[in-house]
Amino acid sequence: MAIVDGAINDALLIFACLLVIMMLHYYLPQKEKYFHLLTWCLLITVIVILITKVILKNIYASNEDYIIFFNRSLWVRSSLDFLLLGCVILISVIWYNWQEQSEQETRKQDAEKLSKEAELFKLRQQLQPHFLFNSLNSINALIGSRPQEARKMVQQLSDFLRGTIKKEEHQWVTLKEELQYLQLYLDIEKVRFGHRLATSIEYDESLDELKLPALLLQPIMENAIKFGLYDTVDEIEISLKAVKEENNLVITVTNPFDPETSTPRQGTGFGLQSVQRRLYLLFARNDLVSTEAKENIFTTTIKIPQA
Amino acid sequence: MSSKVIIIDDEPLARSIVIEYIQNFPDLVVSQVCSNGYEGVKAIQQYKPDLIILDIQMPKINGFEMLELIENPPAVIFATAFDEYAIKAFEAHAIDYLLKPFNQDRFEKAIKKWREQKNNSNSEKQTKQLLDDVSLTAPQNQRIVIKDGSKIKIIPIQDVHYLEAADDFVKVFTKEGYFLKNKTMGHFEQVLDPSQFVRSHRSYIINLQQITRIDPYEKDNHVAILRSGAKVPVSRTGYPKLKSILGL
């Protein structure tokens, strides 16, 4: 008798629990509506007890002792059912909430990763329209007077542009590759600015294979050239030096400037912010780009940690 | 009768292509080619050209800043690679503007436009309007360029202590004394960052960074004491403006 009673009650209870779990799976109430769950819990308990009562009373209608026992145990039975059901609801709510949260987390991470990649792409792609149009203008002038040089410059400009497009696929390049690419850019700028611009690149060949993010140096050089060329009317020299310090590739670029008229606070200007941003996105460090203005020389130093 | 032309551009090849195109006009004579605004100012004073072909992005002072320094600017055709912010101003007030690279035909069209307008328009007034428009849209209004005798002075905006109206000019006060700029107070009030510069009085604009205290002065009026010790009048309407921005 006890076994049948227990079995029926428990079977109904388990059914109710499964029902609740399914329900919560499809419909998770908002936090403010949790008290609804309490009502639901109570209601289901009552239904379970009622059904149990109907079934058991039908089976054991002749057994008066049992009926008395059943009526007496009704409160205990209900409380137990209610508690159990409540526990199940609580656990499912917590479980489903946790699942939803972790799902949201993954989605957020995915979105962040995507936007980070998009941002990196954009930062690499920042080609100055000034550079492009002025280069084309120089070529236009050369075509009439020095066609051979015009051809050479078309070649250089094409190689430079191809480099911008090609390199986005693999993000890291060797110092050697990057400097070759940089040389294309410098050659074009020298045609544009003639004798006003002189450049020097100094580094040891043992550093050839060190790695750095592709197209990182060109915006730094561009910044130095603009800063130098537009801040004085004289001839200027831009120099780049690469060394290895501890486990970092350290690159120093210097350009002249006029301390009286430029505003170093904002004057680090032009492209350096994008370089800083890129290194931050790659290394999560903000101390990899530093600048120094001393007398009339402006120095930009970047550190690239080596794996 | 031939016309005098001056070409001002910092890139040698950009200058040479213009010289090449001009050779097709027998009546145009290139008086001088300049590689920056400083040379430009001198050459314009010396030759008084009828037309200048002017680049915008140049060392030290840009093409617009150079024009500001010239008292009676001649007709200008702009030649620029990419100055998006100035396009509207060009369209409204410039004789013409050439986007680099440009070809012979396009250049001839610009010269034709200039010839058509030469006699019936006031290029000086047009240029002034253009400069006003540009200074409102320019991405960085970080400095004031002034001609001090034969020297050109570039004053970073944060070095300005205060401005004072002086007839058709504005006195720009810095630690080295004042310099005269041929603009109006209204212009500076529009152009300067309002969280940094406040018009404290009909005739004064103060750099807030420079204020040490504000004292009462006579009846109803106040005076701002600057770090330099200068006393700048604050009017009855200027005082509440200053107070609210300084958060007093």
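Predicted model: local features only at pLDDT ≥ 70, side-chain atom pairs only at ≥ 80, totals over all residues.

User: Start with chain A. Which domains does the assignment give for chain A?

Analyst: The assignment gives domain 1 (2-124) and domain 2 (126-305) in chain A. Their C-alpha centres lie 65 Å apart.

User: Then the sheet in chain A. What is the strand order in the open sheet of five strands?

Analyst: The order is β2-β4-β5-β7-β6 of chain A, and the pairing is mixed. At the edges are β2 (197-203) and β6 (289-294) of chain A, each of which pairs on one side only. Neighbouring strands of this sheet are turned by 15° against each other on average, direction ignored.

User: How many bridges hold β5(A) to β7(A)?

Analyst: Nine bridges, with β5(A) and β7 (residues 297-305) of chain A pairing in the antiparallel sense. As a landmark, A:Val253 has A:Thr300 in β7(A) opposite.

User: Which strands does α6(A) lie across?

Analyst: α6(A) lies across β2, β4 and β5 of chain A, and runs at about 165° to β2(A). α7(A) also belongs in this picture: this helix lies across β2, β4, β5 and β7 of chain A, at about 20° to β5(A).

User: And those two helices against each other? At what angle do α6(A) and α7(A) pack?

Analyst: Helix α6 (residues 175-193) and helix α7 (residues 217-231) of chain A pack at about 25°, with axes 10 Å apart. Angles under 35 degrees count as roughly parallel, so α6(A) is roughly parallel to α7(A). The crossing is right-handed.

User: Which residues meet there, from α6(A) and from α7(A)?

Analyst: From α6(A), A:Glu178, A:Leu182, A:Tyr185, A:Leu186, A:Glu189 and A:Phe193; from α7(A), A:Leu217, A:Gln218, A:Met221, A:Ile225 and A:Leu229. By class, the residues of this contact divide into eight nonpolar, one polar and two charged.

User: Next, the two chains together. How many residues does the contact take from chain A and from chain B?

Analyst: It takes 22 residues from chain A and 19 residues from chain B. On the chain A side, α4 (129-145), α6 and α7 each supply at least two residues. α4(A) gives the most, with twelve residues. By class, the chain A side has nine nonpolar, twelve polar and one charged residues.

User: Over to chain B. How far apart are the C-alpha centres of domain 1 and domain 2 of chain B?

Analyst: They lie 33 Å apart. The assignment puts domain 1 at 3-137 and domain 2 at 143-246 in chain B. Nine residues of domain 1 of chain B are in contact with seven residues of domain 2 of chain B. On the domain 1 side, the elements giving two or more residues are α2 (37-47), α3 (63-68) and α6 (123-137) of chain B. α6(B) gives the most to that side, with three residues. The residues of that side divide into five nonpolar, one polar and three charged.

User: Which strands make up the open sheet with β14 in chain B?

Analyst: The order is β13-β14-β15 of chain B, with antiparallel pairing. β13 (211-217) and β15 (231-234) of chain B stand at the edges with a single partner strand each, so one side of each has no neighbour in the sheet. The twist averages 30° from one strand to the next. Six bridges join β13(B) to β14 (residues 221-226) of chain B, and B:Tyr217 stands opposite B:Asn221 in β14(B).

User: What about β8(B)? How many residues sit between β8(B) and β9(B) in their hairpin?

Analyst: Two, and B:Asp167 in the turn has a positive phi of about 55°. Five bridges join the antiparallel strands β8 (residues 162-166) and β9 (residues 169-174) of chain B. B:Ala166 stands opposite B:Phe169 in β9(B). β8(B) is also joined by three bridges to β12 (residues 204-207) of chain B, again antiparallel, with B:Ile205 as the bridge partner of B:Leu163.

User: Last one. What kind of peptide bond joins B:Lys100 and B:Pro101?

Analyst: A cis peptide bond, with omega about -10°. B:Pro101 is in the loop between β5 (96-99) and α5 (104-118) of chain B.

Methods. Residues numbered from 1 in each chain as written. Chains lettered and ligands numbered in written order. Pairing = 2+ DSSP bridges. Helix = DSSP H or I, 4+ residues; strand = E, 2+ residues; numbered from the N terminus. Domains from an automatic or database assignment. Contact = placed C-beta atoms within 7 Å. Nonpolar A, V, L, I, M, F, W, Y, C, P; charged D, E, K, R; others polar. Axes fitted to C-alpha atoms, helices over the stretch in contact; angles between N-to-C directions. Parallel < 35°, antiparallel > 145°, perpendicular 65-115°, else oblique. Left-handed = near helix turned anticlockwise from the far one by under 90°.
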